[in-house]
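Q: I have this one open on my screen and would like to go through it with you. Can we start with a detail and work outwards?

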Amino acid sequence: MHNLFDWIDEDININPEHINRVLGGLVEPWKQKDGQDLYKYHWVEGELKCRWNSTQENWINSEDIDASEQIGSVFAVQGIDLNKVGVLIGDDLQVNSDGNLYAERENFHNVNGVFSESEAKDKSDEFTLLVLNIYYVLLTRGIDGIRIGFWHNDNFKKYFKETLQIID
């Protein structure tokens, strides 16, 4: 998370007119009322503490003092183009032993669109597509660039690096 914020902050220093944000998959619990609580942090990495987006409507133009430090959800950025976007891919995406992606229901936090336990088993492919589509939206918001971070998901990070042949 630190690296993503450093990257977008560096761009703002060069291009102050840019609108950059860090976005995340639905992997941290959130309720609509949380948006009004300035002290309810959902994303914590060391001393860096961030809230989910405080509103889903016109969040990009929010006048909240911490708006640019909030983590945007898929609901806050649909149809919105940003300059640079950092995307946190969480542990709702996993890789099975055959190297196939699947969505992990227990790590997905969305009060709307949650499959029941029996539905999740019966419709696992459909649920995986739902989660993949959420990341598709997040990963297509940055018109000048995107960077990816991995939120509590070292297995997917390893898979991602191996698949794209990224060398550290």
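Q: What does the side chain of N153 reach at 3.1 Å?

A: This is a predicted model, and in it the N153 side chain comes to 3.1 Å from the backbone nitrogen of F156. The N153 side chain also reaches a backbone oxygen, that of G90, at 2.5 Å.

Q: Where is N153 found, and is it buried or exposed?

A: N153 sits in the loop that runs between β8 and α5. Its relative accessible area is 2%, so N153 counts as buried, the cut-off for that being under 20%.

Q: And what does N153 touch, not counting residues up to four places away?

A: Apart from those sequence neighbours, N153 touches I89, G90, D91, L93 and Q94.

Q: Which residues is Y135 in contact with, leaving aside its neighbours within four places in sequence?

A: With those neighbours set aside, Y135 is in contact with G25, V27, V87, L88, I89, G90, D92 and L93. I89, G90 and L93 are also among the residues that N153 touches.

Q: OK, Y135 belongs to α4, so which residues of α4 are buried?

A: The buried residues of α4 are F127, T128, V131, I134, Y135, V137 and L138, and they pack against β1, α2, β5, β6 (93–95) and β7 (101–103). As for the helix itself, α4 has 16 residues and spans 22 Å from its first C-alpha to its last, close to the 22 Å expected at 1.5 Å a residue.

Q: How many residues does the largest nonpolar core have, and which have the most contacts inside it?

A: That core has 37 residues, and the ones with the most contacts inside it are M1, F5, W43, I71, L88, Y135 and L138. Its largest share, six residues, is supplied by α4. At least two residues of the core come from each of α1, β1, β3, α2 (74–77), β5, α4 (124–139) and α5 (154–164). As background, nonpolar side chains tend to be buried together in soluble globular proteins.

Q: Let's move to α1: which of its residues are buried, and why are they on the same side?

A: In α1 the buried residues are L4, F5, W7, I8 and D11. They lie on the same side of α1 because they cover an arc of only 160° around the axis. The face turned away from that buried side carries N3, E10, N13 and I14, which are exposed.

Q: What covers the buried residues of α1?

A: The covering elements include β1 (21–24), β3 (48–50), β4 (71–72), β5 (82–89) and β8 (142–150). The helix α1 covers residues 2–14, and its 13 residues reach 19 Å from the first C-alpha to the last, close to the 18 Å expected at 1.5 Å a residue.

Q: Changing topic, where does Y41 lie, and what does it touch?

A: Y41 lies in the loop between β1 and β2 (43–45), and beyond residues up to four places away in sequence it touches K49, C50 and R51. With a relative accessibility of 37%, Y41 counts as partly exposed. W30 is 11 residues away from Y41 in sequence, and their C-alpha atoms are 9.6 Å apart in space.

Q: Which residues have a positive phi without being a glycine?

A: Two examples are N58, with a phi of about 55°, and Q165, whose phi is near 55°.

Note on methods: Residues numbered from 1 in each chain as written. Predicted model: local features only at pLDDT ≥ 70, side-chain atom pairs only at ≥ 80, totals over all residues. Heavy atoms only, no water. Helix = DSSP H or I, 4+ residues; strand = E, 2+ residues; numbered from the N terminus. Expected span 1.5 Å × (residues − 1). Buried < 20%, exposed > 50% of the residue type's maximum accessible area, 1.4 Å probe, protein only. Arc of directions from axis to C-beta. Contact = heavy atoms within 4.5 Å. Core = buried A, V, L, I, M, F, W, Y, C linked by side-chain atoms within 4.5 Å. Polar contact = N/O pair within 3.5 Å; in protein donor to acceptor, adjacent residues only side chain to side chain.
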